Amino acid sequence: MRAKSVSLVLLAALVTGGAAGCAGNQGGQPQAGDTRFVPGDGKMQVFDAADRRPAPAVEGTTLDGGKASLAEHKGKVVVLNFWASWCGPCRAEAPVLKEVAAKTKGGVQFIGVDFKDRQADAVAFERTEQTGYPHIFDQPGKVALAFQGTVPPAAIPSTLIIDKQGRIAARALGAVKYTDLMTTVTKVRDE
């Protein structure tokens, strides 16, 4: 009976610790292999034009071995989505991102940023989803850290909309919803 009690105590500790890990610590930096995420409601927060901050430089090698950067899309609206293949909410929002990217193609560029992930898992995820836009493989999370202050480093999924002037126009923490994303992307594109 004693072994059963110890097992129950260990199980309770794992469940409690796992729940705390899921919420993440916004002040702490995720470590390599850390699969915590900061949950959010996915609602878009739009920043007034006067309050928008310039987006940091973003560039990197894509999952297919190419290159992607914000600079190459200067003058266009860019949607940056931070994700990982192990993240359930990231998987849930993938069809939404794919559909909005397809419907806004031309005036809006989507770029995925896969971080804290294994490259083979990320490639398999993209092969399955076939999003139609590039994904920077950023295992150490350097791109996400560049947005610290706008996006907590462990907040995935997160989506940022960068306006035509290269400023952060909107953000969503958590899985985005189709109507919220489409409405906000269209609004920023038409400014």
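In strand 7, Ser158, Leu160 and Ile162 point one way while Thr159 and Ile161 point the other way, and all are buried (under 20% relative accessible area, with a 1.4 Å probe and protein chains only). Strand 7 covers residues 158–162, and five of its five residues are buried. Strands (E, at least two residues) and helices (H or I, at least four) are DSSP runs numbered from the N terminus. The model is predicted: local features need pLDDT of at least 70, and side-chain atom pairs count only at pLDDT 80 or more, whereas totals for chains, interfaces and linings use all residues. Residues are numbered from 1 along each chain as its sequence is written, and side-chain values use heavy atoms, without hydrogens and water.

**Partners of strand 7**
- Strand 4 (residues 77–83) runs antiparallel to strand 7 and is joined to it by five bridges; pairing requires at least two DSSP bridges between two strands.
- Across this pair, leucine 80 stands opposite leucine 160, and asparagine 81 opposite threonine 159.
- Strand 8 (residues 168–173) also pairs with strand 7 in the antiparallel sense, over five bridges, with serine 158 opposite leucine 173.
- Five residues lie between strands 7 and 8 in their hairpin, where glycine 166 takes a positive phi near 80 degrees.

**Sheet and packed helix**
- Six strands form an open sheet of mixed pairing, in the order 1-8-7-4-5-6.
- Strand 1 (45–46) and strand 6 (135–138) are the edge strands, each pairing on one side only.
- Helix 2 (residues 88–104) packs on the sheet and touches strand 4, strand 5 (108–115) and strand 7; contact means heavy atoms within 4.5 Å.

Key: Buried < 20%, exposed > 50% of the residue type's maximum accessible area, 1.4 Å probe, protein only. Axes fitted to C-alpha atoms, helices over the stretch in contact; angles between N-to-C directions.
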